[in-house]
Amino acid sequence: MKNQNLWEIQQASIEDANELAVFAAKAFRDAFGAMNAASDVEAYCAHAFTPEAQGRELSDGKMTTLVVRGRGGILGYAQIQEAKPHVGVRDLPAVLLKRIYVDQKWLGRGVGKSLMKAVAAEAVNRGARTLWLTVWERNPRAIHFYTRLGMETVGDDDFLLGSDLQRDLVMAGSVDTIIASLSTPEASGTAD
């Protein structure tokens with residue numbers, strides 16, 4: 001999927017593991033570093049965003065990693081995974097939006113919306129009726145974005161960031177509703 005030659009969305013391959021690991025760690029630090037202890041953020045990044053960890057995820061047949069590429073490299077990425085849904089997710093089959101991040105410099109420029117369209121298309125390709133995710137309860141921008149797409153909070157879950165046990169909200173929404181929401185002008189610029 002191309003957007004006015006500014007960026008292109010592609011499925012990542014194992015050859016992208018190193019570049020994706022660097023981008024993912026930076027995006028995570030940018031998103032959560034100011035609100036958390038540096039030691040907890042670094043501990044999480046050292047575990048979740050190594051080239052080896054990204055390589056395992058890119059090799060996992062139950063996961064699809066989409067990357068947004070521009071002239072300067074990766075601008076954002078998302079990971080969709082077939083996983084056992086949270087107990088609050090009722091409308092099955094469902095797929096998990098494991099991660100979605102956009103480079104800070106590209107927020108508000110449509111990258112996130114384009115990436116969510118690609119996520120929804122991948123959910124359809126996987127036969128899902130529902131897309132579900134977890135989001136930190138202290139991330140109002142993301143919560144607002146997902147709410148605008150028609151997603152609702154259906155539960156909560158624990159998330160261990162280093163040594164800090166945090167609470168994530170579990171949100172879920174109909175893939176059809178998400179696709180329809182992304183087609184409206186109101187969906188633009190909400191959290192991407």
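1. In this predicted model, the side chains of Arg-167 and Asp-156 form a salt bridge, with N and O 3.0 Å apart. Arg-167 belongs to strand 8 (residues 164–174) and Asp-156 to strand 7 (residues 152–161), so the pair ties together parts that are 11 residues apart in sequence. Both ends are partly exposed: Arg-167 has a relative accessible area of 34%, and Asp-156 has 38%.

2. You will find 11 salt bridges in the whole structure. Another to look at joins Arg-129 and Asp-91 at 3.0 Å, N to O. This pair links distant parts of the chain, 38 residues apart: Arg-129 sits in the loop between helix 4 (111–125) and strand 6, and Asp-91 in the loop between strand 4 and strand 5. Arg-129 is partly exposed at 49% relative accessibility, and Asp-91 is partly exposed at 34%.

3. Within helix 1, Lys-26 and Asp-30 lie 4 residues apart, about one turn of the helix. They form a salt bridge whose closest N and O atoms are 2.6 Å apart. Lys-26 counts as partly exposed at 39% relative accessibility, as does Asp-30 at 34%. Elsewhere, Asp-16, Glu-19 and Arg-69 are linked in a salt-bridge network.

4. Now for the rings. The structure holds 12 aromatic pairs. In one of them, the ring centres of Phe-32 and Tyr-101 are 6.4 Å apart and the planes stand at 90°, so the pair is edge-to-face. It connects distant parts of the chain, with Phe-32 in helix 1 (residues 17–32) and Tyr-101 in strand 5 (residues 94–102), 69 residues apart. Phe-32 is buried at 10% relative accessibility, and Tyr-101 is buried at 14%. Both are members of one aromatic cluster, which also includes Phe-23, Tyr-44 and Trp-136. Also worth a look is Arg-109, which lies over the face of Trp-106, 4.0 Å from the ring centre.

5. Is Gln-79 buried or exposed? At 0% relative accessibility, Gln-79 is buried. This residue is part of strand 4 (residues 73–81), and its side chain makes a polar contact with that of Thr-65 at 3.3 Å. Beyond four places in sequence, its contacts include Gln-54, Met-63, Leu-97 and Arg-99.

6. A word on confidence: the chain averages a pLDDT of 93, and 93% of the residues score at least 70. Strand 6 (residues 130–136) has the highest mean, 98, and strand 1 (residues 2–3) the lowest, 54. Over residues 188–192, pLDDT stays under 50. Where pLDDT is low, predicted coordinates should not be read in detail.

Conventions
Residues are numbered from 1 along each chain as its sequence is written. This is a predicted model: local features need pLDDT of at least 70, side-chain atom pairs count only at pLDDT 80 or more; totals for chains, interfaces and linings use all residues. Side-chain values use heavy atoms; hydrogens and water are left out. Helices (H or I, at least four residues) and strands (E, at least two) are DSSP runs, numbered from the N terminus. Buried means under 20% relative accessible area, exposed over 50%, partly exposed in between (1.4 Å probe, protein chains only). A polar contact is a pair of N or O atoms within 3.5 Å; within protein, one must be able to donate a hydrogen and the other to accept it, and residues adjacent in sequence count only if both atoms are side-chain atoms. Contact means heavy atoms within 4.5 Å. Rings of Phe, Tyr and Trp (its six-membered ring) pair if their centres lie within 6.5 Å; planes under 30 degrees apart count as stacked, over 60 as edge-to-face and the rest as tilted. A charge sits over a ring if NZ of Lys or CZ of Arg is within 6 Å of the ring centre and within 35 degrees of the ring normal. pLDDT is the predictor's confidence in each residue, from 0 to 100. A salt bridge is a side-chain nitrogen of Lys or Arg within 4 Å of a carboxyl oxygen of Asp or Glu.
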